[in-house]
Amino acid sequence: MGDRVSVKMCCSWALVTGLVVLLVQLQCLQAVPIGIDKTKVKEAEKKTEEPPANVDTGLHYDRYLREVIDFLEKDQHFREKLHNTDMEDIKQGKLAQELDFVSHHVRTKLDELKRQEVNRLRTLIKAKHDLEGGSDIAVDHQALLKQFEHLNHMNPHTFEVEDLDRLIKSATNDLENFDKERHEEFKRYEMMKEHDRREHLKTLDEEQRQKEEEHYEEMRKKHADHPKVNHPGSQNQLKEVWEEADGLDPEDFDPKTFFNLHDTNGDGFFDEQELEALFTKELEKIYDPTNEEDDMVEMEEERLRMREHVMNEVDTNKDRLVSLDEFLVATKKKEFLEPDSWETLEQNQAYTDEEMREFEEHLAQQEQDLNQKAVDLQKQREELERQQEQLNAQKVELQQAVEHMERLKSENVEPPPEVHIEGNIVPEVHAADNQLHHDQEAQPPGHHETPQHHQDTQQEHHEPNQDLPQQGPPQMHHDEPPNQQGVAQGQHNLP
């Protein structure tokens with residue numbers, strides 16, 4: 001394969017995992033040379049000058065993973081250690097120790113890549129924090145970075161042995177769990193489909209239910225009525241591909257030539273994507289997207305089952321790749337020449353009756369919890385509406401009180417208007433003074449008020465001023481209303 005360690009990434013029906021990239025980097029140098037023509041060799045050499053394929057592994061640290069691998073494989077010392085390290089030692093972190101011996105240029109570039117990755121993670125944390133409405137709250141990036149296990153967040157500046165070890169282990173864990181998670185997801189899909197069917201039957205009357213059940217059984221039988229499916233990876237299955245896809249005579253079938261034909265990137269390995277492509281003809285026997293009875297989600301699950309089966313039988317070093325040597329050895333086994341029949345999904349239900357019962361109980365509990373939350377939310381809404389009504393009533397009462405106070409202020413505190421008489425400012429006479437003036441006007445004509453009578457009249461209205469002199473305007477008393485003072489002075493000033 002030359003001096004370059006190739007990067008391989010597998011992506012069947014959303015199947016993209018980071019460790020495939022890493023493990024291929026670590027194992028590709030062990031490949032047995034393939035007998036291919038010089039033209040193909042030259043094409044492979046040209047590929048070594050190109051950067052790794054920009055294939056998304058599906059990991060949130062995909063770019064960081066690929067760039068780290070790209071620079072590590074440029075170091076001569078690291079490549080030599082790769083050649084002499086087996087997969088178990090790699091998984092145990094022994095290869096990571098060799099990072100101390102790579103060139104200064106590579107270490108400097110790895111430091112830069114790590115700083116960029118830490119900054120990216122911090123940006124993601126900040127963005128998520130802002131979306132959750134916490135823009136006014138300080139973000140503890142150091143604490144939140146703990147959730148990312150593919151690097152050492154305590155040292156955000158330099159790429160160390162621990163960082164490479166973490167990267168390998170994180171990718172390994174992601175890969176080992178990916179297929180398991182896909183199977184569990186498919187199982188939930190199948191159980192939900194069956195649950196929905198049962199719930200639909202409950203809504204029908206007896207006659208409609210019987211028709212629906214008959215239609216369901218008819219579709220099941222129609223789906224199961226398909227040509228025989230060859231055992232994946234068997235001689236018969238590969239010969240069928242050789243004949244129908246490659247257009248070659250099945251009598252001339254040659255395993256090595258077959259391998260070279262379907263090693264589409266020419267790196268000497270079957271990766272998961274290349275393996276799954278070999279099963280397309282078998283899957284077309286079972287599934288047709290135009291048929292009502294055929295479920296394409298089930299087709300992808302069948303593809304995954306076939307690929308896992310071949311990997312378990314052929315991939316002896318468990319690196320999730322099939323080398324030419326592994327393939328040739330498998331073609332000499334009895335399982336390749338005389339395989340057992342292959343049981344498809346309709347013959348292997350994805351879930352048990354107990355799992356279905358637990359699934360429906362879980363759905364019922366979820367529905368109950370949602371209903372209870374709906375009731376609680378309704379009560380909260382009613383309580384908020386009641387509180388709002390109280391606030392509105394209090395607001396009205398407060399507004400009324402304010403208006404009442406303004407009215408009282410306008411009636412009692414506003415100063416009386418002034419009256420101008422012959423250039424003098426005289427306050428307006430109020431009701432009591434008007435009555436006195438009216439009594440004076442009611443006296444018979446010719447009656448003249450004596451000074452003593454006038455004084456007596458004043459004393460009746462201004463008892464606190466009895467000891468004051470009778471002549472001139474009365475002095476202001478602190479208990480005497482301003483209007484009374486004005487009346488007294490006004491009476492002395494009137495002609």
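What follows covers the cores, then the salt bridges.

This is a predicted model, where local features need pLDDT of at least 70, side-chain atom pairs count only at pLDDT 80 or more, and totals for chains, interfaces and linings use all residues. Residues are numbered from 1 along each chain as its sequence is written, and side-chain values use heavy atoms, leaving out hydrogens and water.

**Nonpolar cores**
- A nonpolar core is a set of buried Ala, Val, Leu, Ile, Met, Phe, Trp, Tyr and Cys residues joined through side-chain atoms within 4.5 Å; buried means under 20% relative accessible area, exposed over 50%, and partly exposed in between (1.4 Å probe, protein chains only).
- The largest core has 29 residues, and Tyr-64, Val-68, Leu-99, Leu-110 and Leu-164 have the most contacts inside it.
- A second, separate core of 27 residues includes Leu-275, Leu-278, Ile-286 and Trp-342.

**Salt bridges**
- The structure holds 35 salt bridges, each a side-chain nitrogen of Lys or Arg within 4 Å of a carboxyl oxygen of Asp or Glu.
- Lys-109 pairs with Glu-112, their closest N and O atoms being 3.7 Å apart; Lys-109 is partly exposed at 22% relative accessibility, and Glu-112 is partly exposed at 33%.
- Glu-199 bridges to Lys-202, with the closest N and O atoms 3.1 Å apart; here Glu-199 is partly exposed at 33%, whereas Lys-202 is exposed at 60%.
- In the bridge between Glu-383 and Arg-386, the closest N and O atoms are 2.4 Å apart.
- Asp-179, Glu-272, Glu-276, Arg-307 and Arg-320 are linked in a salt-bridge network.
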